[in-house]
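Hi there,

Here is the structure I promised to pass along.

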Amino acid sequence: MADKLCASGAEVFKKGNWFHEKLEDGLVISFEIAECYHTATSKFQTVDVIETVPFGRCLITDRLMQSAYKDEMVYHESLVQPSLFAHPCPKKVFIGGGGEGATLREVLRHKSVEECVMVDIDGEVVQMCKEYLPQHHAGAYDDPRAKLIIDDCKAQLEGYADGYFDVIILDLSDPLDGGPCYQLYTTSFYSMCKAKLAEGGVFVTQSGCGGIADADRCFTCVHSTLKQVFPKVHGYTTHVPSFTSEWGFNLALKSGETDVGSDDYAHALDKRVEEKGLGEQLQWYDSVTHRRMFSLSKPVRKMLQNETRVMTVENPLFMTDATSGINC
């Protein structure tokens, strides 16, 4: 029986061109490639833009899926919108990473935003995304409120005065061994982020897989690390189909006064969305979706409760190495 199953699987890959991503030992996901638009190696990572049959055009870095046309709004609205709505009137926003431009796009939907500084270390990726992923940025780079800087995120943020930003959003690669971002998931960096936030400021970071089988690889540890720095931290998740996982985010409040996970907060959310004129623009985020994201499963809640690891520069946590994807 096992031989028949193996033979059946092998038959699938005899036709067409496939991208294979190793998720963990014994588990690989495969995407059929319809077209390859661009392949390059930047100073920091390998970069591919491909058209896949199930998810449309996708950005792949270091052979790992980063974003797909079909469901990018799920990830980007989930990352950005809870943090922007958690602040009463966000005017100055900082984005670390976010080369596709979709995070910037979501921030600039808010008319209250006067300035959005986006810092990405890899200019080649940004340029490639501008050219090959127009749906992601949707012209956001041309908005006069946007300030794009190609540099190290930490170095640039350090240069701003304490209390300058209302919201800080980290749309960084996972903390991979050999990757460019692992030091940006540590107590020292988070402490600096807190200092750069104004009173009532909001911080959010993508935090890796957040399902019952994998939340303890990164999500729970980021949560535990942020709790050493901020008075209130909310972990939340949503399912991103192209990632084949529940995906985790952590939102932290400088003052800790707003309970973004409460029923009262969610109940008032739709009215605030309409007041901002975003009801028709947002494809994913509303009060029902918000409740679902902040309603974690019992096993994940238990993992968060039991997590004791704290990431520091001296003692980082690596999800995996930066070459775990497999291209064929």
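Below is what turned up, going from the strands to the cysteines and then to the cavity search. Please keep in mind that this is a predicted model.

**Strands**

β7 has parallel neighbours. With β6 it pairs over 5 bridges in the parallel sense, and C116 in β7 is the bridge partner of V93. To get from β6 to β7, the chain passes through helix α3 (residues 102-107), and this β-α-β crossover is right-handed. β7 also pairs with strand β8 (residues 146-150), again parallel and over 5 bridges; there, I150 in β8 is the bridge partner of D120.

Moving on to β9 (residues 165-171), this strand is mostly covered too, with 7 of its 7 residues buried. Strand β6 (residues 92-97) and β9 pair in the parallel sense over 5 bridges, and V93 stands opposite V167 in β9. β9 also pairs with strand β10 (residues 197-209), in the parallel sense and over 5 bridges, where I168 stands opposite F203 in β10.

**Cysteines**

How many disulfides are there? The count comes to 0. For C89, the nearest cysteine sulfur is that of C116, 15 Å away, and C89 is partly exposed, with a relative accessible area of 36%. For C221, the nearest cysteine sulfur belongs to C218 and is 7.2 Å away, beyond the 2.5 Å cut-off for a disulfide. C221 counts as buried, at 1% relative accessibility.

**Cavity**

Searching the whole structure gives 1 cavity of 30 Å³ or more, and the largest cavity has a volume of about 30 Å³. Which elements supply at least two residues each to its lining? They are β5 (64-68) and α2 (72-86). The lining residues divide into 4 nonpolar, 4 polar and 2 charged; among them are Q66, D71, E72, Y75, H76 and F243.

Best wishes

Conventions: Residues numbered from 1 in each chain as written. Predicted model: local features only at pLDDT ≥ 70, side-chain atom pairs only at ≥ 80, totals over all residues. Heavy atoms only, no water. 1 Å grid on protein atoms, 1.4 Å probe; cavity = no way out; pocket = protein on both sides within 12 Å on 5 of 7 lines; lining within 4 Å. Points joined across faces, edges and corners; volume = space filled by probe spheres on them. Helix = DSSP H or I, 4+ residues; strand = E, 2+ residues; numbered from the N terminus. Nonpolar A, V, L, I, M, F, W, Y, C, P; charged D, E, K, R; others polar. Buried < 20%, exposed > 50% of the residue type's maximum accessible area, 1.4 Å probe, protein only. Pairing = 2+ DSSP bridges. Right-handed = clockwise from strand over helix to strand, strands pointing away.
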